[in-house]
Amino acid sequence: MKDIRELGHLFACAFLFHFSSFMVIPSITDITVEALCPGRDRCSLAIYLSGFQQVITGLGTLMVTPLIGNLSDRYGRKALLTLPMTTAIIPSAILAYDRSRAYFYIYFIVKTFTGMFCEGNMQCLSLAYVADKVGERRRASAFGVLSGVSAAGFVSGTVFARFLSTSSTFQVSATVAVVAAAYMRLFLAETDRGGGCGGCGGEDEEASRPLCSPPSSDGESSPRLPALRKLPSLENMISILRTSNTLSRAAAVVFFNSLAESGLQGAILYYLKAQFQFSKDQFADLLLILGIAGAFSQLFLMHLLIPTLGEEKLLNIGLLASCAHIFLYSIAWSYWVPYLAAVFVVLTVFMQPCIRSIVSKKVGPSEQGMAQGCITGVSSFATIVSPLVFTPLTAWFLSEDAPFKFKGFSIMCVGFASLIAFMLSIMMRAAPPSTSQKLVNAIHVLA
(Lines give C-alpha, C1' and ligand atoms only; values in the text may rest on other atoms or scores of the structure.)
Protein backbone atom coordinates (compact mmCIF):
# COMPACT_ATOMS: atom_id res chain seq x y z
CA MET A 1 0.00 0.00 0.00
CA LYS A 2 2.97 2.32 0.59
CA ASP A 3 4.00 1.75 -3.03
CA ILE A 4 0.49 2.58 -4.19
CA ARG A 5 0.38 5.80 -2.16
CA GLU A 6 3.61 6.98 -3.78
CA LEU A 7 1.78 6.90 -7.12
CA GLY A 8 -0.92 9.35 -6.04
CA HIS A 9 0.13 12.16 -8.38
CA LEU A 10 0.39 9.77 -11.35
CA PHE A 11 -3.11 8.48 -10.59
CA ALA A 12 -4.40 12.08 -10.47
CA CYS A 13 -2.81 12.79 -13.87
CA ALA A 14 -4.27 9.59 -15.35
CA PHE A 15 -7.72 10.42 -13.95
CA LEU A 16 -7.75 13.94 -15.40
CA PHE A 17 -6.35 12.81 -18.75
CA HIS A 18 -8.99 10.11 -19.23
CA PHE A 19 -11.73 12.36 -17.86
CA SER A 20 -10.92 14.85 -20.62
CA SER A 21 -10.46 12.23 -23.35
CA PHE A 22 -13.54 10.12 -22.77
CA MET A 23 -16.15 12.74 -22.02
CA VAL A 24 -16.29 13.65 -25.74
CA ILE A 25 -16.98 10.09 -26.94
CA PRO A 26 -20.80 10.11 -26.47
CA SER A 27 -21.04 13.23 -28.63
CA ILE A 28 -18.52 12.51 -31.36
CA THR A 29 -20.64 9.94 -33.25
CA ASP A 30 -23.58 12.33 -33.59
CA ILE A 31 -21.24 15.18 -34.60
CA THR A 32 -19.55 13.02 -37.23
CA VAL A 33 -22.78 11.73 -38.76
CA GLU A 34 -24.37 15.19 -38.69
CA ALA A 35 -21.33 16.78 -40.35
CA LEU A 36 -21.04 14.15 -43.09
CA CYS A 37 -24.62 12.89 -43.58
CA PRO A 38 -27.05 15.46 -42.13
CA GLY A 39 -30.43 14.10 -41.02
CA ARG A 40 -29.51 10.40 -41.40
CA ASP A 41 -28.94 7.55 -38.92
CA ARG A 42 -26.62 5.64 -41.28
CA CYS A 43 -23.49 7.06 -42.87
CA SER A 44 -20.99 4.83 -44.65
CA LEU A 45 -18.65 7.79 -45.16
CA ALA A 46 -18.44 8.30 -41.39
CA ILE A 47 -17.59 4.63 -40.88
CA TYR A 48 -14.88 4.66 -43.55
CA LEU A 49 -13.36 7.90 -42.27
CA SER A 50 -13.26 6.49 -38.73
CA GLY A 51 -11.55 3.38 -40.08
CA PHE A 52 -9.04 5.50 -42.01
CA GLN A 53 -8.32 7.48 -38.85
CA GLN A 54 -7.69 4.24 -36.95
CA VAL A 55 -5.25 3.03 -39.58
CA ILE A 56 -3.21 6.25 -39.73
CA THR A 57 -3.21 6.70 -35.96
CA GLY A 58 -2.29 3.06 -35.42
CA LEU A 59 0.55 3.28 -37.94
CA GLY A 60 1.93 6.36 -36.22
CA THR A 61 1.56 4.79 -32.78
CA LEU A 62 3.34 1.66 -34.00
CA MET A 63 6.34 3.78 -34.98
CA VAL A 64 6.30 6.35 -32.19
CA THR A 65 5.47 4.41 -29.04
CA PRO A 66 8.55 2.11 -28.90
CA LEU A 67 10.72 5.17 -29.50
CA ILE A 68 9.03 7.18 -26.75
CA GLY A 69 9.23 4.22 -24.37
CA ASN A 70 12.93 3.77 -25.07
CA LEU A 71 13.60 7.50 -24.65
CA SER A 72 11.80 7.45 -21.30
CA ASP A 73 14.24 4.76 -20.12
CA ARG A 74 17.05 7.24 -20.79
CA TYR A 75 15.56 10.69 -20.10
CA GLY A 76 12.73 10.03 -17.64
CA ARG A 77 9.02 9.22 -17.64
CA LYS A 78 7.85 12.70 -16.66
CA ALA A 79 9.76 14.41 -19.45
CA LEU A 80 8.13 12.17 -22.07
CA LEU A 81 4.66 12.27 -20.46
CA THR A 82 4.55 15.95 -21.37
CA LEU A 83 4.13 15.05 -25.05
CA PRO A 84 0.83 13.07 -24.93
CA MET A 85 -0.71 15.24 -22.22
CA THR A 86 -0.16 18.51 -24.08
CA THR A 87 -1.09 17.31 -27.57
CA ALA A 88 -4.38 15.95 -26.18
CA ILE A 89 -5.58 19.52 -25.62
CA ILE A 90 -5.74 20.53 -29.30
CA PRO A 91 -8.59 18.37 -30.75
CA SER A 92 -11.08 19.23 -28.00
CA ALA A 93 -10.19 22.91 -28.27
CA ILE A 94 -11.06 22.87 -31.99
CA LEU A 95 -14.58 21.47 -31.47
CA ALA A 96 -15.05 23.68 -28.42
CA TYR A 97 -14.66 26.64 -30.77
CA ASP A 98 -16.87 25.40 -33.64
CA ARG A 99 -18.50 22.15 -34.82
CA SER A 100 -19.40 23.06 -38.39
CA ARG A 101 -18.41 20.76 -41.25
CA ALA A 102 -15.22 22.71 -42.01
CA TYR A 103 -14.07 22.62 -38.40
CA PHE A 104 -14.97 18.94 -38.17
CA TYR A 105 -12.51 18.20 -40.98
CA ILE A 106 -9.84 20.27 -39.22
CA TYR A 107 -10.57 18.31 -36.03
CA PHE A 108 -10.40 15.03 -37.95
CA ILE A 109 -6.95 15.79 -39.37
CA VAL A 110 -5.55 17.09 -36.08
CA LYS A 111 -7.03 14.23 -34.07
CA THR A 112 -5.53 11.69 -36.47
CA PHE A 113 -2.01 12.99 -35.90
CA THR A 114 -2.26 13.85 -32.21
CA GLY A 115 -3.63 10.37 -31.60
CA MET A 116 -0.22 8.99 -32.58
CA PHE A 117 1.27 10.67 -29.50
CA CYS A 118 -1.65 10.22 -27.07
CA GLU A 119 -3.31 6.85 -27.43
CA GLY A 120 -0.37 4.49 -26.87
CA ASN A 121 2.18 6.68 -25.13
CA MET A 122 0.07 7.69 -22.15
CA GLN A 123 -0.55 4.04 -21.30
CA CYS A 124 3.02 2.93 -22.04
CA LEU A 125 4.67 5.66 -19.95
CA SER A 126 2.23 5.33 -17.06
CA LEU A 127 2.85 1.59 -16.85
CA ALA A 128 6.61 2.12 -16.95
CA TYR A 129 6.31 4.74 -14.18
CA VAL A 130 4.38 2.27 -12.02
CA ALA A 131 6.96 -0.46 -12.70
CA ASP A 132 9.70 1.92 -11.53
CA LYS A 133 7.94 2.45 -8.22
CA VAL A 134 6.34 -0.92 -7.37
CA GLY A 135 7.91 -4.32 -6.70
CA GLU A 136 7.12 -7.36 -8.83
CA ARG A 137 4.74 -9.11 -6.42
CA ARG A 138 2.52 -6.05 -6.15
CA ARG A 139 2.89 -4.90 -9.74
CA ALA A 140 -0.21 -6.60 -11.17
CA SER A 141 -2.36 -5.03 -8.45
CA ALA A 142 -0.75 -1.64 -9.07
CA PHE A 143 -1.41 -1.93 -12.81
CA GLY A 144 -4.99 -2.82 -11.96
CA VAL A 145 -5.33 0.25 -9.75
CA LEU A 146 -3.94 2.43 -12.56
CA SER A 147 -6.48 0.95 -14.97
CA GLY A 148 -9.20 1.41 -12.37
CA VAL A 149 -8.32 5.07 -11.88
CA SER A 150 -8.39 5.53 -15.66
CA ALA A 151 -11.80 3.85 -15.73
CA ALA A 152 -12.95 6.17 -12.94
CA GLY A 153 -11.93 9.10 -15.15
CA PHE A 154 -13.90 7.46 -17.96
CA VAL A 155 -16.97 7.19 -15.70
CA SER A 156 -16.71 10.77 -14.43
CA GLY A 157 -16.26 12.15 -17.92
CA THR A 158 -19.23 10.16 -19.19
CA VAL A 159 -21.44 11.40 -16.34
CA PHE A 160 -20.54 14.99 -17.16
CA ALA A 161 -21.19 14.36 -20.86
CA ARG A 162 -24.62 12.97 -20.00
CA PHE A 163 -25.77 16.27 -18.51
CA LEU A 164 -23.76 18.85 -20.46
CA SER A 165 -24.64 20.31 -23.83
CA THR A 166 -22.44 19.33 -26.76
CA SER A 167 -20.66 22.69 -26.91
CA SER A 168 -20.05 22.70 -23.15
CA THR A 169 -18.72 19.13 -23.31
CA PHE A 170 -15.81 20.09 -25.55
CA GLN A 171 -15.10 23.27 -23.61
CA VAL A 172 -14.87 21.35 -20.35
CA SER A 173 -12.77 18.65 -22.01
CA ALA A 174 -10.21 21.17 -23.29
CA THR A 175 -10.06 22.91 -19.91
CA VAL A 176 -9.50 19.68 -17.99
CA ALA A 177 -6.78 18.63 -20.47
CA VAL A 178 -4.95 21.89 -19.73
CA VAL A 179 -5.31 21.31 -15.98
CA ALA A 180 -4.00 17.74 -16.33
CA ALA A 181 -0.87 18.85 -18.19
CA ALA A 182 -0.20 21.65 -15.70
CA TYR A 183 -0.73 19.31 -12.73
CA MET A 184 1.69 16.78 -14.19
CA ARG A 185 4.43 19.37 -14.68
CA LEU A 186 3.98 20.85 -11.21
CA PHE A 187 3.46 17.85 -8.94
CA LEU A 188 4.56 14.60 -10.58
CA ALA A 189 8.03 13.53 -9.39
CA GLU A 190 10.49 11.95 -11.80
CA THR A 191 11.47 8.32 -11.18
CA ASP A 192 14.97 6.86 -11.08
CA ARG A 193 14.17 4.45 -13.97
CA GLY A 194 15.21 1.44 -11.89
CA GLY A 195 18.22 3.08 -10.30
CA GLY A 196 16.87 2.60 -6.79
CA CYS A 197 14.97 -0.12 -5.03
CA GLY A 198 11.53 0.92 -6.26
CA GLY A 199 11.56 -1.33 -9.26
CA CYS A 200 13.41 -4.27 -7.77
CA GLY A 201 10.69 -5.42 -5.46
CA GLY A 202 12.73 -5.83 -2.32
CA GLU A 203 15.04 -8.55 -1.08
CA ASP A 204 12.29 -11.13 -1.04
CA GLU A 205 11.77 -10.92 -4.79
CA GLU A 206 13.91 -11.99 -7.68
CA ALA A 207 14.84 -8.96 -9.77
CA SER A 208 13.80 -8.97 -13.39
CA ARG A 209 16.56 -10.05 -15.74
CA PRO A 210 17.47 -7.37 -18.31
CA LEU A 211 16.93 -8.12 -21.97
CA CYS A 212 20.62 -7.62 -22.61
CA SER A 213 21.76 -10.22 -20.08
CA PRO A 214 23.26 -13.60 -21.07
CA PRO A 215 21.00 -16.64 -21.58
CA SER A 216 19.45 -17.95 -18.39
CA SER A 217 19.03 -21.47 -17.14
CA ASP A 218 15.32 -21.53 -17.99
CA GLY A 219 16.10 -21.74 -21.69
CA GLU A 220 15.11 -18.21 -22.68
CA SER A 221 17.86 -16.74 -24.82
CA SER A 222 18.49 -13.02 -24.58
CA PRO A 223 20.80 -11.68 -27.29
CA ARG A 224 22.39 -8.31 -26.64
CA LEU A 225 20.26 -5.56 -28.11
CA PRO A 226 21.36 -2.18 -29.40
CA ALA A 227 19.73 0.89 -27.91
CA LEU A 228 17.01 2.41 -30.07
CA ARG A 229 18.71 5.72 -30.87
CA LYS A 230 16.54 6.48 -33.86
CA LEU A 231 13.01 5.81 -35.02
CA PRO A 232 12.60 2.05 -34.46
CA SER A 233 11.54 -0.20 -37.30
CA LEU A 234 9.31 -3.24 -37.15
CA GLU A 235 12.50 -5.35 -37.24
CA ASN A 236 13.65 -3.68 -34.00
CA MET A 237 10.39 -4.62 -32.31
CA ILE A 238 10.50 -8.20 -33.57
CA SER A 239 14.08 -8.55 -32.30
CA ILE A 240 13.05 -7.35 -28.85
CA LEU A 241 10.05 -9.66 -28.71
CA ARG A 242 12.19 -12.63 -29.73
CA THR A 243 14.45 -12.20 -26.71
CA SER A 244 11.95 -13.97 -24.46
CA ASN A 245 9.43 -16.75 -25.03
CA THR A 246 7.08 -14.97 -22.64
CA LEU A 247 7.28 -11.73 -24.63
CA SER A 248 6.61 -13.65 -27.85
CA ARG A 249 3.54 -15.30 -26.35
CA ALA A 250 2.28 -12.05 -24.88
CA ALA A 251 2.70 -10.31 -28.24
CA ALA A 252 0.60 -12.94 -30.03
CA VAL A 253 -2.21 -12.71 -27.47
CA VAL A 254 -2.11 -8.90 -27.43
CA PHE A 255 -2.26 -8.75 -31.23
CA PHE A 256 -5.49 -10.74 -31.57
CA ASN A 257 -7.10 -9.20 -28.50
CA SER A 258 -6.32 -5.69 -29.77
CA LEU A 259 -7.59 -6.69 -33.21
CA ALA A 260 -10.91 -7.55 -31.57
CA GLU A 261 -11.02 -4.48 -29.32
CA SER A 262 -10.25 -2.12 -32.18
CA GLY A 263 -12.84 -3.79 -34.41
CA LEU A 264 -15.49 -3.48 -31.71
CA GLN A 265 -14.69 0.16 -30.98
CA GLY A 266 -14.82 1.07 -34.65
CA ALA A 267 -18.21 -0.59 -35.24
CA ILE A 268 -20.26 -0.61 -32.05
CA LEU A 269 -21.49 3.00 -31.91
CA TYR A 270 -22.50 3.08 -35.58
CA TYR A 271 -24.12 -0.34 -35.19
CA LEU A 272 -26.18 0.78 -32.18
CA LYS A 273 -27.21 3.98 -33.93
CA ALA A 274 -28.40 2.06 -37.00
CA GLN A 275 -29.97 -0.85 -35.10
CA PHE A 276 -31.64 0.89 -32.14
CA GLN A 277 -31.33 4.61 -33.05
CA PHE A 278 -29.03 5.30 -30.08
CA SER A 279 -28.04 8.95 -29.63
CA LYS A 280 -25.73 10.90 -27.32
CA ASP A 281 -27.67 10.12 -24.12
CA GLN A 282 -27.96 6.37 -24.81
CA PHE A 283 -24.27 6.20 -25.70
CA ALA A 284 -23.44 7.99 -22.44
CA ASP A 285 -25.59 5.56 -20.43
CA LEU A 286 -23.92 2.55 -22.03
CA LEU A 287 -20.42 3.95 -21.57
CA LEU A 288 -21.29 4.76 -17.97
CA ILE A 289 -22.13 1.11 -17.29
CA LEU A 290 -18.88 0.04 -18.96
CA GLY A 291 -16.85 2.50 -16.93
CA ILE A 292 -18.43 1.73 -13.55
CA ALA A 293 -18.07 -2.02 -14.07
CA GLY A 294 -14.43 -1.64 -15.15
CA ALA A 295 -13.49 0.73 -12.33
CA PHE A 296 -15.10 -1.45 -9.65
CA SER A 297 -13.42 -4.59 -10.96
CA GLN A 298 -9.93 -3.10 -11.24
CA LEU A 299 -9.97 -1.12 -8.01
CA PHE A 300 -11.52 -3.78 -5.77
CA LEU A 301 -12.17 -7.17 -7.36
CA MET A 302 -8.83 -7.67 -9.09
CA HIS A 303 -6.89 -6.77 -5.95
CA LEU A 304 -8.65 -9.64 -4.13
CA LEU A 305 -8.33 -12.22 -6.92
CA ILE A 306 -4.68 -11.78 -7.93
CA PRO A 307 -3.19 -13.50 -4.83
CA THR A 308 -5.62 -16.43 -5.17
CA LEU A 309 -5.83 -17.10 -8.90
CA GLY A 310 -2.66 -15.53 -10.28
CA GLU A 311 -2.16 -13.44 -13.38
CA GLU A 312 -2.39 -16.19 -16.02
CA LYS A 313 -5.76 -17.50 -14.82
CA LEU A 314 -7.19 -13.99 -14.57
CA LEU A 315 -5.90 -13.31 -18.07
CA ASN A 316 -7.78 -16.33 -19.42
CA ILE A 317 -10.95 -15.36 -17.53
CA GLY A 318 -10.77 -11.85 -19.01
CA LEU A 319 -10.29 -13.14 -22.56
CA LEU A 320 -13.18 -15.61 -22.26
CA ALA A 321 -15.47 -12.89 -20.91
CA SER A 322 -14.42 -10.66 -23.79
CA CYS A 323 -15.63 -13.30 -26.27
CA ALA A 324 -19.03 -13.51 -24.55
CA HIS A 325 -19.22 -9.71 -24.36
CA ILE A 326 -18.68 -9.23 -28.10
CA PHE A 327 -20.88 -12.11 -29.30
CA LEU A 328 -23.78 -10.84 -27.19
CA TYR A 329 -23.48 -7.41 -28.81
CA SER A 330 -23.60 -8.97 -32.26
CA ILE A 331 -26.91 -10.78 -31.69
CA ALA A 332 -28.62 -8.02 -29.68
CA TRP A 333 -32.36 -8.40 -30.32
CA SER A 334 -33.56 -5.50 -28.17
CA TYR A 335 -32.28 -2.13 -27.00
CA TRP A 336 -31.54 -3.43 -23.48
CA VAL A 337 -29.23 -6.27 -24.60
CA PRO A 338 -26.19 -3.97 -25.12
CA TYR A 339 -26.58 -2.81 -21.52
CA LEU A 340 -26.55 -6.45 -20.38
CA ALA A 341 -23.48 -7.18 -22.50
CA ALA A 342 -21.69 -4.22 -20.91
CA VAL A 343 -21.77 -5.97 -17.52
CA PHE A 344 -19.19 -8.50 -18.79
CA VAL A 345 -16.63 -5.70 -18.54
CA VAL A 346 -16.33 -6.66 -14.86
CA LEU A 347 -14.25 -9.61 -16.11
CA THR A 348 -12.84 -8.41 -19.45
CA VAL A 349 -10.79 -5.66 -17.77
CA PHE A 350 -8.53 -8.27 -16.18
CA MET A 351 -6.73 -8.78 -19.48
CA GLN A 352 -4.66 -5.60 -19.80
CA PRO A 353 -3.21 -5.35 -16.26
CA CYS A 354 -2.37 -9.06 -16.23
CA ILE A 355 -0.61 -9.18 -19.60
CA ARG A 356 1.28 -5.96 -18.84
CA SER A 357 2.41 -7.30 -15.48
CA ILE A 358 3.60 -10.56 -17.06
CA VAL A 359 5.65 -8.57 -19.58
CA SER A 360 6.98 -6.20 -16.92
CA LYS A 361 8.45 -9.04 -14.90
CA LYS A 362 10.46 -10.36 -17.84
CA VAL A 363 12.59 -7.25 -18.36
CA GLY A 364 15.06 -5.29 -16.28
CA PRO A 365 14.09 -2.17 -14.31
CA SER A 366 15.82 0.12 -16.81
CA GLU A 367 13.99 -1.45 -19.79
CA GLN A 368 10.36 -1.05 -18.71
CA GLY A 369 9.62 1.73 -21.19
CA MET A 370 11.11 -0.20 -24.10
CA ALA A 371 9.20 -3.41 -23.30
CA GLN A 372 5.87 -1.71 -22.67
CA GLY A 373 6.38 0.38 -25.80
CA CYS A 374 6.94 -2.72 -27.92
CA ILE A 375 3.81 -4.45 -26.58
CA THR A 376 1.88 -1.23 -27.20
CA GLY A 377 3.37 -1.20 -30.71
CA VAL A 378 2.02 -4.71 -31.35
CA SER A 379 -1.38 -3.50 -30.13
CA SER A 380 -1.12 -0.49 -32.44
CA PHE A 381 -0.29 -2.73 -35.38
CA ALA A 382 -3.54 -4.61 -34.68
CA THR A 383 -5.42 -1.30 -34.82
CA ILE A 384 -3.98 -0.81 -38.32
CA VAL A 385 -5.12 -4.22 -39.53
CA SER A 386 -8.53 -4.09 -37.83
CA PRO A 387 -10.14 -1.27 -39.88
CA LEU A 388 -8.88 -2.83 -43.11
CA VAL A 389 -10.77 -6.01 -42.21
CA PHE A 390 -13.80 -4.88 -40.24
CA THR A 391 -14.65 -1.37 -41.50
CA PRO A 392 -15.80 -2.54 -44.97
CA LEU A 393 -17.84 -5.32 -43.32
CA THR A 394 -19.48 -2.84 -40.94
CA ALA A 395 -20.34 -0.37 -43.70
CA TRP A 396 -21.63 -3.17 -45.95
CA PHE A 397 -23.92 -4.81 -43.41
CA LEU A 398 -25.26 -1.49 -42.11
CA SER A 399 -26.10 -0.33 -45.64
CA GLU A 400 -29.20 -1.08 -47.68
CA ASP A 401 -27.11 -3.31 -49.97
CA ALA A 402 -26.25 -5.89 -47.29
CA PRO A 403 -26.21 -9.47 -48.68
CA PHE A 404 -28.45 -10.61 -45.81
CA LYS A 405 -30.13 -8.95 -42.86
CA PHE A 406 -27.65 -9.20 -39.99
CA LYS A 407 -26.39 -5.78 -38.89
CA GLY A 408 -24.18 -7.31 -36.21
CA PHE A 409 -22.30 -9.61 -38.61
CA SER A 410 -19.06 -7.60 -38.51
CA ILE A 411 -19.16 -7.58 -34.70
CA MET A 412 -19.60 -11.35 -34.70
CA CYS A 413 -16.46 -11.60 -36.85
CA VAL A 414 -14.72 -9.41 -34.26
CA GLY A 415 -15.78 -11.96 -31.66
CA PHE A 416 -13.91 -14.70 -33.51
CA ALA A 417 -10.70 -12.64 -33.30
CA SER A 418 -11.24 -12.41 -29.54
CA LEU A 419 -11.81 -16.17 -29.42
CA ILE A 420 -8.45 -16.73 -31.16
CA ALA A 421 -6.75 -14.63 -28.47
CA PHE A 422 -8.35 -16.77 -25.77
CA MET A 423 -7.35 -20.01 -27.48
CA LEU A 424 -3.76 -18.78 -27.91
CA SER A 425 -3.60 -17.85 -24.24
CA ILE A 426 -4.68 -21.38 -23.28
CA MET A 427 -2.46 -23.17 -25.81
CA MET A 428 0.65 -21.08 -25.20
CA ARG A 429 1.05 -22.36 -21.64
CA ALA A 430 1.89 -25.82 -22.96
CA ALA A 431 3.21 -24.88 -26.40
CA PRO A 432 6.93 -25.21 -27.17
CA PRO A 433 8.94 -21.97 -27.51
CA SER A 434 9.12 -22.38 -31.29
CA THR A 435 5.34 -21.93 -31.54
CA SER A 436 5.52 -18.46 -30.02
CA GLN A 437 8.39 -17.48 -32.29
CA LYS A 438 6.44 -18.67 -35.36
CA LEU A 439 3.47 -16.52 -34.36
CA VAL A 440 5.66 -13.46 -33.94
CA ASN A 441 7.24 -14.21 -37.33
CA ALA A 442 3.75 -14.49 -38.82
CA ILE A 443 2.88 -11.02 -37.52
CA HIS A 444 6.13 -9.78 -39.05
CA VAL A 445 5.25 -11.32 -42.43
CA LEU A 446 1.73 -9.87 -42.24
CA ALA A 447 3.24 -6.42 -41.73
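Is Tyr 105 buried, partly exposed or exposed? At 31% relative accessibility, Tyr 105 counts as partly exposed. The cut-offs are under 20% relative accessible area for buried, over 50% for exposed and partly exposed in between, with a 1.4 Å probe and protein chains only.

Before I go on, the conventions. This is a predicted model, where local features need pLDDT of at least 70 and side-chain atom pairs count only at pLDDT 80 or more, while totals for chains, interfaces and linings use all residues. Residues are numbered from 1 along each chain as its sequence is written, and side-chain values use heavy atoms, with hydrogens and water left out.

Now the overall picture. The protein has 20 helices and 0 strands; these are DSSP runs numbered from the N terminus, H or I of at least four residues for helices and E of at least two for strands. Of its 447 residues, 57% are buried. The accessible surface is about 18,000 Å², and carbon and sulfur atoms account for 66% of that; the areas come from the Shrake-Rupley method with a 1.4 Å probe, and for residues only the protein chains shown count as cover. Taking contacts between residues at least 6 apart in sequence, 83% join residues at least 24 apart. Contact here means heavy atoms within 4.5 Å.

Next, the core. The largest nonpolar core holds 124 residues, and Met 85, Val 130, Ile 268, Leu 272, Tyr 329 and Ile 411 are the ones that touch the most other members. Such a core is a set of buried Ala, Val, Leu, Ile, Met, Phe, Trp, Tyr and Cys residues joined through side-chain atoms within 4.5 Å. Helix H12, residues 245–276, gives the most to this core, at 18 residues. If we leave out residues up to four places away in sequence, Leu 272 touches Gln 277, Phe 278, Phe 283, Leu 286 and Pro 338.

Helix H14 covers residues 311–330, 20 residues in total, and reaches 29 Å from first C-alpha to last, close to the 28 Å expected at 1.5 Å a residue. The expected span is 1.5 Å times one less than the number of residues. Why is H14 described as largely enclosed by the rest of the structure? Because 14 of its 20 residues are buried.

Helix H8 is also mostly covered, with 11 of its 13 residues buried. H8 reaches 18 Å from its first C-alpha to its last, close to the 18 Å expected. Among its buried residues are Asn 121, Tyr 129, Val 130 and Asp 132.

That brings me to charges. Side chains of opposite charge can pair when their charged atoms come close. The whole structure has 1 salt bridge, defined as a side-chain nitrogen of Lys or Arg within 4 Å of a carboxyl oxygen of Asp or Glu. Asp 132 and Arg 77 form a salt bridge at 2.7 Å, N to O. The pair links distant parts of the chain, with Asp 132 in helix H8 (residues 121–133) and Arg 77 in helix H5 (residues 77–87), 55 residues apart. Both Asp 132 and Arg 77 are buried.

Leu 7 also has contacts in this region. Leu 7 sits in the loop between helix H1 (2–5) and H2, and at 0% relative accessibility it is buried. Beyond residues up to four places away in sequence, Leu 7 touches Tyr 129, Val 130, Lys 133 and Val 134. Its C-alpha is 9.1 Å from that of Leu 146, 139 residues apart along the chain. Helix H2 itself, residues 8–22, has buried residues including Leu 10, Phe 11 and Phe 17.

Back to the aromatics. A search of the whole structure finds 14 aromatic pairs. Rings of Phe, Tyr and Trp (its six-membered ring) pair if their centres lie within 6.5 Å; planes under 30 degrees apart are stacked, over 60 edge-to-face, and the rest tilted. Tyr 97 and Tyr 103 make a tilted pair, 5.5 Å centre to centre with 55 degrees between the planes. Tyr 97 is exposed at 63%, and Tyr 103 is partly exposed at 27%. Phe 104 and Tyr 105 make an edge-to-face pair, at 5.9 Å and 65 degrees. Phe 104 is buried at 2%. Phe 104, Tyr 105, Tyr 107 and Phe 108 form one aromatic cluster.

Last, Phe 397 in helix H18, residues 368–398. Phe 397 is buried at 4% relative accessibility. Its contacts, not counting residues up to four places away in sequence, include Pro 403, Phe 404 and Phe 409.
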